[in-house]
Amino acid sequence: MTTVDEVSRPSRLAEPDEAISPEELQLAARNHGIPLEALRYDVTPAGLHYLLIHYDIPDVDPTTHVLTVDGAVDRPLALDLAALRERPRVTHRVTLECAGNGRALLHPRPVSQPWLVEAVGNAEWTGTPLAPLLREAGLGADAVDVVFTGADHGVERGVEQDYQRALPVDDALREEVLLAYEMNGAPLLPQHGAPLRLIVPGWYGMAHVKWLRSVSVRTEPFEGYQNAVAYRLRQDADDPGVPVTRIEPRALVRPPGFPDFMSRTRVLRPGPCTLDGRAWSGHAPVASVEVTTDGGATWSPARLDEPTGGAYAWRRWWLDWEPTPGRYVLGARATDASGRTQPVEQPWNRGGFANNLVQRVEVVVLGE
């Protein structure tokens, strides 16, 4: 008898000198990060926003699509897109980051989607708040988790599944959590979850379920694969780990000058230059950013622009720099208002999640 185990293998770590595998390259061709020069935009254009698709983009007809709300509720609901659009409409600017951002930089490397640092974007999401819908359905007093199911279906590590993630009830009832049907003022694109997706400001991207078709309230903790197995911070295969939730603070440098085609090493001419980039955190607003031009030996405080999108949108930072000819390694380090700061040593875990190690941008300043 043929089973899914024959096509879906266990997770593993790469050998010390193992190159990126054909499977990882295949994932990298389907998914993409933001081009770092696009950090210039306050709002990331939809085509430049990072993208991760776990399985296939499902074929969902928006004219017949219905969202159900069921489980431990008094009044189950079924709403089509027209009914959702008739409900109160809000727009939030939110930074989304993949939980695996930075995975390919870890040693040893977890074998999966090989992200460097580009798995991020900052978009304007429009839809209707989830909390009033849950209250209208009548949450049971014993409700524990709210499970969100997408229309995408696949097999992962031997488990056939619809993509499902859950939020604790208190998190699902946050007023900023959205059922979104627009991105940057236009209907969602197929790859970004059309016709309906969840937006959970402050949480890593795995929580923002795309192609959303059902919301189910549970009276027991959800033990589905994406909650109980996949997105856990664990040190070894036997470690039960802790769940991946909110985005750790990170700052990225918008690479200055112009790049070498293959290495992406940056080339600059000497003279005044403004270094800039973006910083964000899902725990608390960004409080400060420090910049290094010598690979972390010394740090200088950057200036922060005024926030342009609320508590869950990234913030621009900048620093004047006047380099002389030579080689430099740039980086930026964010600290948020909760006191969390980016590390300079890798925060390793077996899944390669929440690796907010300071970025390294190599720059060559030409001789005069």
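Select β19 and strand β20 (residues 315–321) first: these two strands pair in the antiparallel sense over 2 bridges. Helices (H or I, at least four residues) and strands (E, at least two) are DSSP runs numbered from the N terminus, and two strands pair if DSSP finds at least two bridges between them. The model is a predicted one, in which local features need pLDDT of at least 70 and side-chain atom pairs count only at pLDDT 80 or more, while totals for chains, interfaces and linings use all residues. Residues are numbered from 1 along each chain as its sequence is written, and side-chain values use heavy atoms, with hydrogens and water left out.

**The sheet**

Within β20, highlight Trp-318, the bridge partner of Arg-303. Then extend the selection to the open sheet of 4 strands, whose order is β13-β16-β20-β19 and whose pairing is antiparallel. At its edges are β13 (250–253) and β19 (303–304), each of which pairs on one side only.

**Aromatic pairs**

The whole structure contains 4 aromatic pairs. Rings of Phe, Tyr and Trp (its six-membered ring) pair if their centres lie within 6.5 Å; planes under 30 degrees apart count as stacked, over 60 as edge-to-face and the rest as tilted. Select Tyr-231 and Phe-353: the ring centres are 5.0 Å apart and the planes stand at 35°, so this pair is tilted. Tyr-231 is in the loop between α5 and β11 (232–233), and Phe-353 is in the loop between β21 and β22, 122 residues apart. Both Tyr-231 and Phe-353 are buried, where buried means under 20% relative accessible area, exposed over 50% and partly exposed in between (1.4 Å probe, protein chains only).

Next, select Trp-321 and Tyr-328, whose ring centres are 5.1 Å apart with planes at 90°, so the pair is edge-to-face. Trp-321 is buried at a relative accessible area of 12%, and Tyr-328 is buried at 16%.

**Helix α3**

Move to α3 (residues 130–137), where Leu-130, Ala-131, Leu-133, Leu-134 and Ala-137 are buried. Viewed down the axis of α3, these buried residues fall within an arc of 160°, so they line one face of the helix; the arc is that of the directions from the helix axis to the C-beta atoms. Just after α3, Gly-138 takes a positive phi of about 85°.

**Pockets and cavity**

On a 1 Å grid over the protein atoms alone, a cavity is a set of points where a 1.4 Å probe fits but cannot get out, and a pocket is an open set with protein on both sides within 12 Å along at least five of seven lines; lining residues have an atom within 4 Å of a point. Grid points are joined across faces, edges and corners, and a volume is the space filled by probe spheres set on the points.

The largest pocket has a volume of about 1,300 Å³. Of its 40 lining residues, select the closest to its centre: Leu-27, Val-111, Ser-112, Glu-156 and Arg-157. The elements giving two or more residues to this lining are α1 (22–30), β5 (145–156) and α5 (225–230), and α1 gives the most, with 5 residues.

The second largest pocket has a volume of about 1,100 Å³. Among its 36 lining residues, Leu-36, Leu-116, Val-117, Glu-118 and Arg-360 are the closest to its centre.

Finally, the largest cavity holds about 220 Å³ of space. Of the 19 residues that line this cavity, Leu-52, Arg-197, Gly-205, His-208 and Lys-210 are the closest to its centre.
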